[in-house]
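This briefing sets out selected features of one protein model, grouped by topic. Please read it alongside the sequence and the structure shown below.

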Amino acid sequence: MIYSVIKKICKLTNIIIAVVFLFAFSNVVAEEYSTNYSIKGYITDKSTGESLIGATIMIEELSTGVVTNVYGFYSISIPEGSYTVKISYVGYNTEVIQINLTENKELHKSLERLSQDISGVTIEAERSDRNISDVRMSSNVLSVEAIRALPSFMGEVDVLKTLSLLPGVSSAGEGSTGLTVRGGSVDQNLVLLDEANVYNASHLMGFFSVFNADAIKDVQIYKGGIPANYGGRLSSVIDIRMKDGNYKEYKASGGIGSISSRLTVEGPIQEDVSSFLLSGRRTYADLFLYLSQDTNLRGNKLYFYDLNTKLNYRIDNNNRLFFSGYFGRDILSLGDEFKIGWGNATTTLRWNHIFNSRIFSNFSLIYSNFDYLMGVYSDFFDFDWTSDIQAFNLKADFTWFANTRNTVKYGVHAAYHMFNPGLVEGIGNENSEQKIQMPTSNAMESAAYILNEHEITEKLFIEYGLRYSVFQNIGPATVYKYDESFEVADSTSYGSGDFYNTYHGPEPRLGVRYMINSNQSVKASYNRMIQYLHQTLFTEMTTPMDIWFPSSPNIKPQIANQVAAGYFRDFFDHTLHFSVEAYYKTVNNQIDFIEQAEVILNRYMEGEVRTGEAYSYGLEFLLKRTSGNISGWASYTLSRSYREIPGINDGNRYVSDYDRPHDISIALNYKISPRISVGANWVYHTGKPVTLPIHRYEYMGQVVPVFGEKNSTRMPDYHRLDLSATLFTNVNSDRRWEGSWNFSIFNVYNRKNPYSYFFRQNEDNPYKQDPYKVYLFGIVPAVTYNFSF
């Protein structure tokens, strides 16, 4: 019943969007004939030259305004006249400028940061009334300053683990940076770093994320109401932007911690024209192995490293170039017998071009890669196992600042994907001819979109858009046909360059905000998302063995429809924010794997896949204080997530692996004085669903376990308290060197949260298995010294 209603909403939304687009376009054309002039420019940080994302530019006399885009650019068209322009950004001094507008005008402004003694820690990196005024619900923006203020695991500030403290977002498991959003799986999150797709965002099997906070400027997550310029995943978009680099002076910052050290260097190549940023991080636990008296340990390696780089060049006021790159890798080896390494590489080349006072454009060329290598070297057989996924992406995005009530965004995207699920090669003269090559595959994913941010009245604001995506499988390939028992019945081969399968579909988006008054609003949203790439996921940890694979003639793309509505309220001059949101999400062609699925080096892996329906729903509460000496948030999520897939659990409905009925997070920071601040976070959520064996039997001399209903049992509930204290040195000093000591304790009261269940044979009854739990962490203290100069 509910699913049929969702389908009708989808069709109705397409019609509504088309009608509203025509209405908006007629208004835009009418205003073109009035005498309007444009004010455009960039808003930047006065001390660094960094662009400020989401700065507000208000025209006081007209009670209207705009915000800067992700490049710090804005444009607003208003009638001829004299005006007061107010430019503001959270954590910065507000600028008020008087102008007489008789022609198109460029107005660039650099804002000065407030003293930390006044501002405290700023949680959000945008306008103070964003909670109620922004049409986009189900989204959060976090400042890096807020992320640093919270306790960290082993002293490593982690962007993704901080996001898991938000409502509707949970960690996929103990020690994991993988996120589950509104009941979705880890692979249903689109993780972007300067627009480049990051396929595996974790280090050390998920204990740390690949994002070095020293190189990050802005973090935004969309859980629903996702704008039409994003696509390709069902559950969320995590859009992370790197810092540009200081345009004014040379700076260095870094930290020395318990497990790793990091260093960032930035500065102008030519002052106010070009800049660079270079940021590196490395763990060094393996270095201590050389001090071991055990000679077997000295040859082992265990570490990861990250390298972020960025170059920027302002050609003129209408043209800017950006080049950014990320390169990270994990290395693990046990002497000369075993090694494994995996990592990401991304590069992004962007060109900003302003065609005129109303049209801003960005053209991007993007490369993403994830690969791993595993080598085993024994007396019997030596081999290397490699796998990778690569993508080349072209994007052209345009923003048309039509008038004060309409901002139109449109563009085209195209990505070429290359999948290599596995190649095993023998090493040495005797094994050199032994090779196992899994079938490689290629695909093209394209999309075009258009959206309009439409202020109909001062109270009513609508964002509506449409994305149309196309996915095409490209040869060479061999496609297997499976019978009703999922056994191979036939196959068809395609030559190189053959387009042998196509999926396509519309993805409408709609967001509505109605202002009740200056402190309250209600919002609603609908979005349809299509996901063409999928991942094998079997553990709480994100491992390099979880391979990506494309939709194909045997595997249809997953399609999600989500509706949400919420109430938003601000208190105390927009410093305390409250929100409650309700959502309902359905998924067609939800992918899952049969029990004991064989996916490693299996050319018939598609026969292990089953598809069906999934749905999730929930309520999310958030209370947040964004500035001042005491800042932070408390969130509670009440939710359920179910799947119903023929061939799994006898076709009966079951709770998904990511079902968390209750999830509570509290994150606080208290700035006691300019020299001392303390932080705390406490998390609680319902235990993870698991499937346990109910008895065993003997078959041909082997004892075989028999499992009960899928996910019919739960682990114990998870909860944990973390604390931190930061001592700042050289406060109010004229010295350029600034330092701070950070002391943190992970899992203060030593809660033994189970990572997983394992089983062992009962000593008295060989047909009985006894479960036992494995714990990863007890109390974990850490100390880090941070510095900048």
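A nonpolar core is a set of buried Ala, Val, Leu, Ile, Met, Phe, Trp, Tyr and Cys residues that are joined through side-chain atoms within 4.5 Å. The model described here is predicted. The protein has 789 residues, of which 56% count as buried, and its secondary structure comes to seven helices and 51 strands. Among contacts between residues at least 6 apart in sequence, 65% join residues at least 24 apart.

**Nonpolar cores**

- The largest nonpolar core holds 33 residues, and those touching the most other members are Leu163, Leu193, Phe211, Ile238, Ile240 and Trp633.
- At least two residues of this core come from each of helix H4 (144–149), helix H5, strand E11 (179–181), strand E12 (189–193), strand E16 (216–222) and strand E17 (236–242).
- Isoleucine 238, when its neighbours within four places in sequence are set aside, is in contact with Leu160, Leu163, Leu179, Leu190, Val191, Leu192, Gln220 and Ile221.
- Another core, of 29 residues, lies apart from the largest one and includes Tyr199, Trp385, Ala597 and Val599.

**Largest cavity**

- The structure contains 14 cavities of 30 Å³ or more, and the largest of them has a volume of about 560 Å³.
- The lining of the largest cavity is made up of 40 residues, with Ser164, Ser171, Val683, Tyr718 and Arg720 lying nearest its centre.
- Two or more lining residues are supplied by each of helix H5 (159–163), strand E10 (169–171), strand E41 (662–671), strand E42 (676–685), strand E47 (718–729) and strand E49 (754–761).
- By residue class, the lining of the largest cavity divides into 17 nonpolar, 13 polar and ten charged residues.

**Second largest cavity**

- Strand E30 gives the most to the lining of the second largest cavity, with five residues.
- This lining comprises 16 nonpolar, eight polar and two charged residues.

**Serine 469**

- Serine 469 belongs to strand E29 (residues 460–474).
- Its relative accessible area is 2%, so serine 469 is buried, the cut-off for that class being under 20%.
- The side chains of serine 469 and glutamate 507 are joined by a polar contact of 2.7 Å.
- Beyond its neighbours within four places in sequence, serine 469 is in contact with Ser446, Ala447, Tyr503, His504, Gly505, Glu507, Ile530 and Tyr532.

**Alanine 524**

- Alanine 524 is found in strand E33 (residues 520–531).
- Alanine 524 counts as partly exposed because its relative accessibility is 31%, and that class lies between the cut-offs of 20% and 50%.
- Not counting residues up to four places away in sequence, alanine 524 touches Met137, Leu510, Gly511, Val512, Ala564 and Ala565.
- Although 300 residues separate alanine 524 from glycine 224 in sequence, the two are 9.9 Å apart in space, C-alpha to C-alpha.

How values were computed
Residues are numbered from 1 along each chain as its sequence is written. This is a predicted model: local features need pLDDT of at least 70, side-chain atom pairs count only at pLDDT 80 or more; totals for chains, interfaces and linings use all residues. Side-chain values use heavy atoms; hydrogens and water are left out. On a 1 Å grid over the protein atoms alone, a cavity is a set of points where a 1.4 Å probe fits but cannot get out, and a pocket is an open set with protein on both sides within 12 Å along at least five of seven lines; lining residues have an atom within 4 Å of a point. Grid points are joined across faces, edges and corners, and a volume is the space filled by probe spheres set on the points. Helices (H or I, at least four residues) and strands (E, at least two) are DSSP runs, numbered from the N terminus. Ala, Val, Leu, Ile, Met, Phe, Trp, Tyr, Cys and Pro count as nonpolar, Asp, Glu, Lys and Arg as charged, and the others, Gly among them, as polar. Buried means under 20% relative accessible area, exposed over 50%, partly exposed in between (1.4 Å probe, protein chains only). A polar contact is a pair of N or O atoms within 3.5 Å; within protein, one must be able to donate a hydrogen and the other to accept it, and residues adjacent in sequence count only if both atoms are side-chain atoms. Contact means heavy atoms within 4.5 Å.
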